[in-house]
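Good morning, and thank you for joining.

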Amino acid sequence: MDISVTETPAPTTRSLTLRGRFDAHEAPAFRDALDAAMDNGHHDLAVVLTDVEFVDSTALAELVRGMKRCREAGGDLALVSPSDPVRVILELTKLDAAFTIR
Amino acid sequence: MEMSTANFDMTISTVELTGRLDALEAGPLREMITAHLRIGKRRIVVDLSKVEFVDSAGLAALVKGMKDARSQGGDLRLVSPISPDAMRVFELTRFDRVFSMSASTADALRNW
Amino acid sequence: MLTTELIVANSFEAIRGIRPWLEEALAPAGEARVSAAIGGIELAVHEIATNSIDHANNAEDTLRFVAETAAESVTIRMIDHGDCYVTQEPLPLDGEPRVRGYGLLIVEQLATSVEHERVEQTNVWTLTFAL
């Protein structure tokens, strides 16, 4: 068997993995981390939400803000493996249709 | 809340195979996929369009690669085989529904 | 029926005390009902509390919660000592991503009923949930 490999480049994605409670108290720190990633030139972000136990509308607002910023810069903010609490709030607000979810 | 960051290499590696993917060939394929994942290349397309034959050993190498890639936040996707002797094992095991399969490399890359 | 109270500072950090308090307050309903319902109740109460912290200019700097738990339902009241803050217009659920305003919309979908009353110098929110 012959094997040949071709590489198709794509922009590096910066991933942010969150663990614990993502609520109003955490929103400023998340916003800072996101803004820092964008200031460093990353417009393709992936927020990994597998281990997020609680999320509220303030946290959701930060994700929406981040997604809009990334898309305006020609990239995207994707939500990766959302935990059940995250899925629930995305469905309640119908934002599951607005985000790229992997 | 803890936050940790990392860079994901989003390069898509397309692996084009020709010939037979059987027990003899499964090992080298598995090693290549593992090597890719080890250096952070999590997006792999395996092009089977020119492969004449795939058996369960070949399938097992692809399945392991797919699970490993997905566990790292990526995926291993297939360009469908054209030869019936290559496609058969996927249909019999219903893995044609588990893998993301495209008609061409262009489709596979575009849909990522 | 069990009545329990919680008083916390009106900070985002302090309202994390809602969850352990709910576990205690809902206990009479039995483990199965509680584990099915508590996630939604926690989120709804948390949204009402956050709304108050954001808008009420709460003079007394505390939030008081009272839960009355029956076999198959619970009523939770939140009292703050702030200004009367206008209830937001519910947003259309059209999938268009907006940054603000999902809090009350979420509560209305999670609770059986949501009421706001102005009682003298306090805001009283009353939420009921089926268990």
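How many residues of chain C are in contact with chain A? There are 19, and they meet 21 residues of chain A, where contact requires that the C-beta atoms of two residues, placed from the backbone, lie within 7 Å.

This is a predicted model, in which local features need pLDDT of at least 70 and side-chain atom pairs count only at pLDDT 80 or more, while totals for chains, interfaces and linings use all residues. Residues are numbered from 1 along each chain as its sequence is written, and chains are lettered from A and ligands numbered from 1 in the order in which they are written.

On the side of chain C that touches chain A, the elements giving two or more residues are α2 (31-55) and α3 (103-110) of chain C. The largest share, 5 residues, comes from α2(C). Helices (H or I, at least four residues) and strands (E, at least two) are DSSP runs, numbered from the N terminus.

I turn now to chain A. Strand β1 of chain A, residues 2-8, is hardly covered, with 0 buried residues among its 7. A residue is buried with 20 or more other C-beta atoms within 10 Å of its own, exposed with 12 or fewer, and partly exposed in between, with C-beta atoms placed from the backbone. β1(A) pairs with strand β1 (residues 2-21) of chain B in the antiparallel sense, over 7 bridges; pairing requires at least two DSSP bridges. Within this pairing, Ile3(A) stands opposite Leu17(B).

Finally, Asp61(C) lies in the loop between α2 and β2 (62-69) of chain C. Its phi is near 60 degrees, a positive value in a residue other than glycine.
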